[in-house]
Amino acid sequence: LWLQHLKIAAQLSGDPKQEARYRRYALDEGYAQIAARVQAGAPGLDGEINHSDSVLIFIAYEPLLRLEQDPALRKLYLKSLEQSWETVQHFRKPFFTYLYYQATGKVDPSVLRENENQLSLFTFDIHWNRDTRDAYSKRFNLDLTPKSHSPKPKKGQVIPFDWRAKTWSLLVHNPYTDMAKKIPRPDAGMEFTGLHWTIGYWLGRAEGYITQ
């Protein structure tokens with residue numbers, strides 16, 4: 001994440017001193033070597049991973065791999081990405097998939113279809129309460145009635161978006177747990193943004209993996 005911040009600062013400012021600072025930390029201080037080992041080896045001590053950390057790692061990959069042209073540094077970042085992908089690829093999270101495919105050029109059409117289907121299963125009661133959904137339905141003439149379109153997942157399967165519990169994030173929670181006990185989901189008294197959905201959707205649109 002530190003390298004991400006430095007690289008973006010150098011790009012936005014155009015100041016050679018900022019680029020020199022980034023390269024000092026990446027190369028002289030060894031941060032790029034550390035990044036190459038960020039998810040090496042087995043998952044955590046309990047056999048699980050911290051899903052919010054995986055999201056932060058992938059958010060850091062995006063500008064580093066888009067902006068970095070130095071072959072030596074790109075090699076380290078891509079090594080890191082490959083290790084992280086080994087950990088997260090089975091979760092079928094669109095943001096991870098589209099970023100990995102864009103950076104590596106490796107594309108599995110069947111996985112792309114799975115990710116597009118996952119995005120289409122999002123229902124607004126995951127984040128919004130009934131009064132908000134009703135207001136948007138009326139204003140934009142949309143049918144936002146919560147419903148499930150996929151079979152109920154079995155234990156050990158990734159939970160599709162339409163079966164997820166009401167939550168503030170579809171990205172940082174364990175995709176194998178927290179299935180909704182009731183659909184439509186009861187109003188929770190809180191509402192959340194859809195950033196974790198839109199970040200995957202717009203990356204897929206930008207890279208041409210999904211169409212309008």
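Reply: Let me begin with the largest cavity, whose lining by class has 3 nonpolar, 5 polar and 2 charged residues; please keep in mind throughout that this is a predicted model.

Me: Which residues line the largest cavity, and how much space lies in it?

Reply: The lining consists of R164, A165, T167, S169, L170, H173, N174, P175, T177 and D178, and the space inside comes to about 70 Å³. A cavity is a set of points where a 1.4 Å probe fits but cannot get out, and the count of such spaces of 30 Å³ or more comes to 3.

Me: What makes up the lining of the second largest cavity?

Reply: That lining is formed by P94, F95, L119, F161, L170, L171, H196, W197 and G200, with α6 (94–104) and α9 (195–206) being the elements that give two or more residues. The largest share, 3 residues, comes from α9. By class there are 7 nonpolar and 2 polar residues, with no charged ones, and the volume of this cavity is about 50 Å³.

Me: What is known of the largest pocket, and which residues lie nearest its centre?

Reply: A pocket, unlike a cavity, is an open set of points. The largest one holds about 250 Å³ of space and is lined by 14 residues, of which L1, L3, A35, V38 and A60 lie nearest its centre. Helices α1 (2–13), α3 (31–35), α4 (51–67) and α5 (71–88) each supply at least two lining residues, and α4 gives the most, with 5. The lining divides into 13 nonpolar residues and 1 polar residue, with no charged residue.

Me: Why is the pair K7 and E19 called a salt bridge?

Reply: The nitrogen-to-oxygen distance between the two side chains is 3.2 Å, and the rule asks for a side-chain nitrogen of Lys or Arg within 4 Å of a carboxyl oxygen of Asp or Glu, so the pair K7 and E19 qualifies. K7 lies in helix α1 and E19 in helix α2 (residues 16–28), so the bridge ties together parts that are 12 residues apart in sequence.

Me: How do you know whether K7 and E19 are buried or partly exposed?

Reply: Buried means under 20% relative accessible area; K7, at 7%, therefore counts as buried. E19 has a relative accessible area of 25% and is therefore partly exposed.

Me: What other salt bridge does K7 form, and which parts does that pair tie together?

Reply: The side chains of K7 and E68 also meet in a salt bridge, at 3.5 Å from N to O. Because E68 lies in the loop between α4 and α5 while K7 lies in helix α1, this pair ties together parts that are 61 residues apart in sequence. Both K7 and E68 are buried.

Me: Why does R133 have no salt bridge?

Reply: The nearest side chain of opposite charge, that of D187, is 4.2 Å away, whereas a salt bridge needs the atoms within 4 Å, so the buried R133 has none. R133 is found in helix α8 (residues 130–140), and, leaving aside neighbours within four places in sequence, R133 is in contact with F124, D125, W128, L144, P146 and D187.

Me: How many helices and strands does the chain have, and what fraction of its residues is buried?

Reply: The chain has 9 helices and 0 strands, and of its 212 residues 42% count as buried.

Terms used:
Residues numbered from 1 in each chain as written. Predicted model: local features only at pLDDT ≥ 70, side-chain atom pairs only at ≥ 80, totals over all residues. Heavy atoms only, no water. 1 Å grid on protein atoms, 1.4 Å probe; cavity = no way out; pocket = protein on both sides within 12 Å on 5 of 7 lines; lining within 4 Å. Points joined across faces, edges and corners; volume = space filled by probe spheres on them. Helix = DSSP H or I, 4+ residues; strand = E, 2+ residues; numbered from the N terminus. Nonpolar A, V, L, I, M, F, W, Y, C, P; charged D, E, K, R; others polar. Buried < 20%, exposed > 50% of the residue type's maximum accessible area, 1.4 Å probe, protein only. Lys, Arg positive; Asp, Glu negative; His and termini not counted. Contact = heavy atoms within 4.5 Å.
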